[in-house]
Amino acid sequence: MKIHISHEAAQWYKNELQLKNGDNVRFYARYGGHSSVQQGFSLGLSTDVPMDIGVKEEIVGITFFIEDGDLWYFDEKDLYIDINQQFSEPEFRIS
């Protein structure tokens, strides 16, 4: 599995979360919500320090990552993050 994040989406996170070069964004499985991959779970994010990285993508000076223990959520599929042009915010696709 891989993380594919567009430059625009990465920059959106950097601006909105007031991140600086060297910071991290973690994507993780959280209980509740709606998902097309795992019923009863949804995708969460935080600005945690990595502990046990399963996959990562570094772009615009930020490390976007998923811990090894959360890889099950993605069911061996890749995570794609881009900007939804209509709403000007990140949009996720898992495939």
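Guide: Happy to. Keep in mind that this is a predicted model. Let's begin with tyrosine 28, which is found in strand 2.

Visitor: Is tyrosine 28 buried, exposed or partly exposed?

Guide: Tyrosine 28 counts as partly exposed, because its relative accessibility is 23% and the buried class stops under 20%.

Visitor: And what does tyrosine 28 touch, leaving out residues up to four places away in sequence?

Guide: Tyrosine 28 touches Ser42, Leu43, Gly44, Leu45, Ser46 and Asp70. Take serine 46 from that list: it is 18 residues from tyrosine 28 in sequence, and the two C-alpha atoms are 8.2 Å apart.

Visitor: Let's switch to aromatics. How many aromatic pairs does the structure hold?

Guide: There are seven aromatic pairs. One of them joins phenylalanine 27 and phenylalanine 64, and that pair is stacked, with 6.3 Å centre to centre and 20° between the planes.

Visitor: Where do those two phenylalanines sit in the chain?

Guide: Phenylalanine 27 is in strand 2 (residues 24-31) and phenylalanine 64 is in strand 5 (residues 62-67), so the pair links distant parts of the chain, 37 residues apart. Both phenylalanine 27 and phenylalanine 64 are buried.

Visitor: Which residues do ring pairs link into a cluster?

Guide: The cluster is made of Trp12, Tyr13, Phe27, Phe64 and Phe92.

Visitor: Phe64 keeps coming up. What does phenylalanine 64 touch, beyond residues up to four places away in sequence?

Guide: Its contacts include Ile3, Ile5, Ala10, Tyr13, Val25, Phe27 and Val55. Phenylalanine 64 is also the bridge partner, in strand 5, of glutamate 57.

Visitor: How many bridges join strand 4 to strand 5?

Guide: Six, and the two strands run antiparallel. Their hairpin has two residues between the strands, and valine 60 takes a positive phi near 50° there.

Visitor: What about threonine 63, buried or exposed?

Guide: Threonine 63, in strand 5, counts as buried because its relative accessibility is 12%. Apart from residues up to four places away in sequence, threonine 63 touches Asp23, Asn24, Val25, Lys56, Glu57 and Glu58.

Visitor: And how do strand 6 and strand 7 run?

Guide: Strand 6 and strand 7 (residues 89-94) run antiparallel, joined by six bridges. Leucine 79 has isoleucine 94 as its bridge partner in strand 7. The hairpin has four residues between the strands, and serine 88 takes a positive phi near 55°.

Visitor: How exposed are aspartate 75 and glutamate 76?

Guide: Aspartate 75 counts as partly exposed at 43% relative accessibility, while glutamate 76 is exposed, with a relative accessible area of 75%.

Notes: Residues numbered from 1 in each chain as written. Predicted model: local features only at pLDDT ≥ 70, side-chain atom pairs only at ≥ 80, totals over all residues. Heavy atoms only, no water. Phe/Tyr/Trp six-rings, centres within 6.5 Å; stacked < 30°, edge-to-face > 60°. Buried < 20%, exposed > 50% of the residue type's maximum accessible area, 1.4 Å probe, protein only. Contact = heavy atoms within 4.5 Å. Pairing = 2+ DSSP bridges.
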